[in-house]
Amino acid sequence: MAVPAREPVLVTGTGLFATGLSSLADLLAATTAHPAAKVGAPAETTAHPAANVAAPADPAAVLGRRGTRYLDRATRLALVAADRAIADAGLPRDGSGPPRFGVVVSSNLGNLDTVCRVTETIARDGVAATSPLHLPNASGNVIASRLAIRYRLRGPNLTLSDGECSGLDALHWAQTLIHAGRMPGALVVGVEAATDPVRRLLGGRRLFDGAVAVLLEPAGAAEAAGRRPGPDGVPHRTVLGRYARAGDRAGCVHRLPGADRARRWLAPDAPPGIRALDLAAAVGESSGALGVLQCATAAGWLAGQPEPVLALAGTDPVAGFSFHRWIPGPPGPVPEGAAAG
Amino acid sequence: MTGWAIAGTGAAASLGQGTDAVFQALCAGRSGLAPLRAFDHTRYRTRQAYEIDDRPPGGGDRPGRATRWLLAAVAEALAEAGASEDLTGVPVLVGTGLRELRGAELWWRDGAPLRPAGLGFGAALRQRFGTTDAYQVVNACAASLYACGLATDLLALAAADTVVVAGVDAITESMFGLLDRVHAQPPDRVRPFDRDRPGVIMGEGAVAIVLRRTGPGLATLRGVGLNCDAHHVTAPEPESIAEVIRDGYRRAGIDPARVDLVYAHGTGTWLNDQAEATALSKVLAETGAQPLVTAIKAGTGHTSGGSGLLSLVCAVRSLRTGTVPPIPTLREPAPEAAGLRLVRDRPARSAVRLAQVNAFGFGGVNAVALVEGR
């Protein structure tokens, strides 16, 4: 089988739904306002878990209650963010969109609440006291499957739980599956819900409670489809660059050609001369959602300024991804560092 | 024609440690089914499972069992492949439905210690094998075969020369309990494709293979089809299953009429076996192939995330030995399976050359692999 051409993969839509952040513009403003914390600096909020002073994002207000009652919080957050991203990409939201698109979800803690509550119920009252409607939620891929069902997306359906690297991993695998000819595009979602078990496990840190979604498509596809960005959305001028994993940050940067040209890093710190912005300081610990938040943030920046952005996540291992400005136009050489593989 | 060398395999299940032990036990018609060991059986109606017997003596439970089996399976596969245990720069893709969520249950209910990193296998794989490229594919019962598909894409795109693919799951009380809850009667046995099949019983297991772009191997992985039903969160969809089988054939570049062996998913549930038998029969009628069809879950239980890859390593053994394990609990095939050459009563002896391996998971995630003998 011939290896398909490595067509550049663009971010064609973004969507966000999270506590304390009403839009992507909020995310960009929060990130820009929080320069990276020094190593060892205290967290910006108090130790009390309710320090997210904004009222928790309410998916029911958007989705309605009917048909969503037995969905866990992570699934509900993901459905709202996905809906916004699909609209932003100019794709239909009624399930009549591209049927061969795939879904990639990154979440580490999405169904922790179901697992803990069901175990507790069984211990106290036995299995008869559990509800069979919780069975789908006990499976870690329930978010991805419900997204596929809602939008009738029958391409590859993938859920990743790789710690802090997971979100950038999700972008990498979506790009890989597109380049392997398995799907003509992907809905990629990062989500973590700050449920009680999650808060207890992660201690008093400030937590991101929400979902972020991006649509990824090969460069020719969105143009050919004649779609334009949504009125509140980010124009699709972002192309995925290179991805790498390594044992530490220096090793990761070393494996990303052209990364040294990036003057903006989404990371807790950076070498002198490079502007570092830390999403954890801005919006809280986001675990599986981090990499997709980084992608959405980068896409927002690149709409205004063409300088490449480098995102780094995790400590050991570290994942890295570069994001570049994409200029639509006649086919030409792909910008250095913007080709995958 | 596409193809990657399966250079080594590793496996563990309730009925044996090591690929050969598992395969031989299946050919002998044995089963790992036993009374529940660590769970309080007074909480459940189903009181047996296919557990790996490694709990502390005197009862109780401990976290990290899945991690230990995973490391052992990977080590076995590397040894058979003649490969170093230093996996620096080598991607390791682990298909799992439940990761180390058993540890989360013990934490929440009993106060056992838990760190967030302890929910996955990345840190343990890093420590033992040095890999910084471990991925957890959390794709329910299709997870390890989905991981195979991703691995073939890396190899096809020349993004790696060697990939380790693995699968593992330990039974959690939440999943065991919810499956117990939805059965009208607790199943007494797993009876794939039988007219009177009572349902699924969970099993524990770990499995690993070493895939290389070139070089010697036990068998050749030709290709893996992947898709999603986008239909229902638990019930499968036959037409989508038929489509993923055809996708597997196309990506493998093989002549579908040559498929002479199928390791079915065969959970023994009403819905899966009906959908799978219907879809498989339809595709075989299109291609004209008349393969032997078997399923291993009567012996191993449903090992969740690792189940597809466990079937695959058994398929590799079948291709090498010409022996196909039977479905020992099959008495009367269900009507939709009546046209299939189901292996029953005793192992089949046949010089099989091209095996199809099926895995279908909750959420409609489907994967089908094609493996050719060397």
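Let's start with one pair of residues: A:D316 and B:R126 form a salt bridge, their closest N and O atoms lying 2.6 Å apart. Across the interface of chain A and chain B, two salt bridges are found in total, along with 24 residue pairs in polar contact. Keep in mind that this is a predicted model.

**How the chains meet**

The size of an interface is often given as the accessible area lost when the parts come together. Here are the values for this pair of chains.

| Item | Value |
|---|---|
| Residues of chain A in contact with chain B | 64 residues |
| Residues of chain B in contact with chain A | 63 residues |
| Area buried between chain A and chain B | about 5,400 Å² |
| Share of that area on carbon and sulfur atoms | 65% |

In chain A, the residues that lose the most area to chain B are A:L135, A:W173 and A:R182, which together make up 13% of what that side buries.

Which helix gives the most to the side of chain A that touches chain B? That is α4(A), with eleven residues. By class, this side of chain A has 30 nonpolar, 20 polar and 14 charged residues.

**Inside the structure**

Now look at the nonpolar cores. The largest has 106 residues, and those touching the most other members are A:V188, A:L216, A:F323 and B:L312. Helix α11 of chain A, residues 290–304, gives the most to this core, with nine residues. Leaving aside residues up to four places away in sequence, the neighbours that A:V188 touches include A:V104, A:L171, A:L216 and A:V292. Another core, of 34 residues, lies apart from the largest one, and A:L63, A:A82, A:Y151 and A:V189 are among its members.

How values were computed. Residues numbered from 1 in each chain as written. Chains lettered and ligands numbered in written order. Predicted model: local features only at pLDDT ≥ 70, side-chain atom pairs only at ≥ 80, totals over all residues. Heavy atoms only, no water. Contact = heavy atoms within 4.5 Å. Buried area = accessible area lost by both parts, 1.4 Å probe. Salt bridge = Lys/Arg side-chain N within 4 Å of Asp/Glu carboxyl O. Polar contact = N/O pair within 3.5 Å; in protein donor to acceptor, adjacent residues only side chain to side chain. Helix = DSSP H or I, 4+ residues; strand = E, 2+ residues; numbered from the N terminus. Nonpolar A, V, L, I, M, F, W, Y, C, P; charged D, E, K, R; others polar. Core = buried A, V, L, I, M, F, W, Y, C linked by side-chain atoms within 4.5 Å. Buried < 20%, exposed > 50% of the residue type's maximum accessible area, 1.4 Å probe, protein only.
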